[in-house]
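I opened my notebook to record what I looked up in this structure. My entries follow, one topic at a time.

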Amino acid sequence: MTITPGAEDRSAHPLLDHEPLTTARFAALERRVAGLMGTAHDVALMQAEALLPLEAAIRGAVHPGSVALNIVTGPYGQTFGRWMRSCGAQVVDLEVPYERAVSSSEVEVALEAHPDVDFVSLVHAEAATGNTNPVGAVAEAVRAHGALFYLDAVASVGAEPVLVDEWGVDLCVIGPQKALGGPSGVSAVSVSEAAWQRMADNPAAPRGSFLSLLDWKERWFDGGRSAFLAAPSALETLGLEAALDRIAAGGGVDALMARHRAAAAATRAGARALGVTPYVVRDQDAAPVATTLRTPDGTDAREVVAAATSAFPGLPLTAMGAPSLRLNHYGPHATLPLVATALKSLAAALATDPSASLTAAESAWHKSE
Ligand SMILES: *Cc1c(COP(=O)(O)O)cnc(C)c1O
C-alpha cells in the first residue's frame, strides 16, 4: 500500500502531498531518460536546471593542461568557453555566425590546426537563435581525432533526434523544459566510460560538491542506486516523469519531433509570406525548437512583440534586441494553431493581411508532418 500523506485530508495539495519518490522510481526514470537520449551510458538525473550538469561535466573533465576546441554557434558556447578557461584549459574558439550551423569540415580544419585538442564542446540546437548543428558529422571528425566530446542537447531533445551512442557523445546534457514540455528544475547528463575515466584522473574534478559527478558515481551508481546523496527535488522529478508520460500518451517521441519539425517549417513559410525573413538562412540549419525572425526595416521588434502579446497574452514570442524576435514553438506550443496565432499577431502588428501567410504555414505544416 502506498501511504500518501494528506490523501484523506481536504487540505491535501497535489504539489505538496504528492506520491513518494523512491530510489527504484528514480532509477527507472533514469533509464527512461537514457532511452530518450539513445544511450546505454550512465545517466545522472541532476537536481537542478541544466546549467548544473553543463558546468559539472566541464569542471569534472577539463583541467590545467587540457586543450579544448569550443565550437561557438550561439550564446551558450561563450559560457562554456569561460568555464573551461576558469578550469585552466587552453581554449580554441571556433565561432561561426549564429545564423547558420557549423560544418564538419570547419571542425576538421580546426582539429588539424590544433592536434593537441583533447576536449570538444558543441551545442546541438541553439534555442536563443534557432540554429541547429550537424552533430553526427561533427562527431565523426571528433572521433577520428580522438577527443572527448561534450554536447549540450537541452534545446534539441524531444525536438530532433539525439543519438548519444550512435554518435559517440561522451558527455551529453538534456533538460525537460523545452521540447519535452516538462519542469526546469531537474536535468540529466550521460557519461561514457572514457568520460568517467577522465574525471577520475583529474585531481581538480569537484569532490564533496553539488557540482561533483564523481560523488554521484561513487555513491549512487556504484552504490547500487539504493541511496540518494541528498534529498532529491521530488516535485521536479515527478514532473519530468509526468512529462514523459504525457509524451507517450500523445503518440511518443517520434510524433513529438514531427510536431516540432512541422512548427519550424510552418513558421518559416508563414513568415516569408509576410515579408519577414528567418534569421537562420538555410532551412537545413533551422532548429525545430524555435524560430528567430528578422523584423522588417523600420519596425522595432520590441514594439511588434508588445503589440502581438497584448492581443494574445501568453504567446511565446520574445524580442531579441532591435531587429529580431523569436517564436518558442516548443513543447505544448508545437502546434499549428499556435503558429497560426503567432503569424496572425505579427501580421496585425505589421498592418498586413495574414491570409497568404496562414495558407503558406498550413501547407508547410502538412508537407513536413
Ligand atoms: C535552454 C537552454 C539551456 C538551459 O539554460 P536556461 O537559459 O537556464 O534555460 C542550456 N543550453 C541550451 C542550448 C538551451 O537552449
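**Entry 1: the core**

Which residues does Leu69 touch, not counting residues up to four places away in sequence? I noted first that I was working with a predicted model. Then I listed the contacts of Leu69: Val92, Leu94, Val107, Ala110, Leu111, Val117, Phe119, Val120 and Ser121. I next looked up the largest nonpolar core, and it has 84 residues. Leu69, Phe119 and Leu171 have the most contacts inside this core. Helix 1, residues 23-37, gives the most to it, with seven residues.

**Entry 2: Val142**

I turned to Val142 and found it in helix 5, residues 135-145. Is Val142 buried or exposed? Its relative accessible area is 2%. Buried means under 20%, so Val142 is buried. Leaving out residues up to four places away in sequence, Val142 touches Leu111, Val120, Ala147 and Phe149. Two of these names, Leu111 and Val120, were already on my list for Leu69. I also checked Val142 against Asp118. They are 24 residues apart in sequence, and their C-alpha atoms are 9.3 Å apart in space.

**Entry 3: the ligand**

Which residues surround the ligand? I wrote down Glu49, Leu51, Leu54, Tyr76, Val123, Ala125, Ala127, Asp152, Val154, Ala155, Gln177 and Lys178. I then looked at polar atoms. A side-chain N or O atom of Glu49 is 2.8 Å from an oxygen atom of the ligand. For Tyr76, a polar side-chain atom lies 2.5 Å from a ligand oxygen. With Asp152 the ligand atom is a nitrogen, 2.6 Å from a side-chain N or O atom. On its own, the ligand has 370 Å² of accessible area, and the protein covers 82% of this.

Over residues 84-293, I read 40% helix and 14% strand. The end C-alpha atoms of this stretch are 32 Å apart.

I found Ser345 in helix 12, residues 336-349. Ser345 has a relative accessible area of 3%, so it counts as buried. Its contacts are Ala308, Phe312, Leu315 and Leu317, again without residues up to four places away in sequence. Ala306 sits in helix 11, residues 301-311. Its relative accessibility is 43%, so Ala306 counts as partly exposed. I also compared Ala306 with Ser187. They are 119 residues apart along the chain, with 32 Å between their C-alpha atoms.

**Entry 4: two positive phi values**

Why did I look at phi? Most residues other than glycine have a negative phi. Arg225 has a phi near 55 degrees, a positive value, and it is not a glycine. I located Arg225 in the loop between helix 8 (213-221) and helix 9 (234-249). At 25% relative accessibility, Arg225 is partly exposed. Ala351 also has a positive phi, about 55 degrees. Where does Ala351 lie? I found Ala351 in the loop between helix 12 and helix 13 (355-368). Its relative accessible area is 74%, so Ala351 is exposed.

Methods
Residues numbered from 1 in each chain as written. Predicted model: local features only at pLDDT ≥ 70, side-chain atom pairs only at ≥ 80, totals over all residues. Heavy atoms only, no water. Core = buried A, V, L, I, M, F, W, Y, C linked by side-chain atoms within 4.5 Å. Buried < 20%, exposed > 50% of the residue type's maximum accessible area, 1.4 Å probe, protein only. Helix = DSSP H or I, 4+ residues; strand = E, 2+ residues; numbered from the N terminus. Contact = heavy atoms within 4.5 Å. Near = heavy atom within 4 Å. Polar contact = N/O pair within 3.5 Å; in protein donor to acceptor, adjacent residues only side chain to side chain. Areas by Shrake-Rupley, 256 points an atom, 1.4 Å probe, with all protein chains shown as cover.
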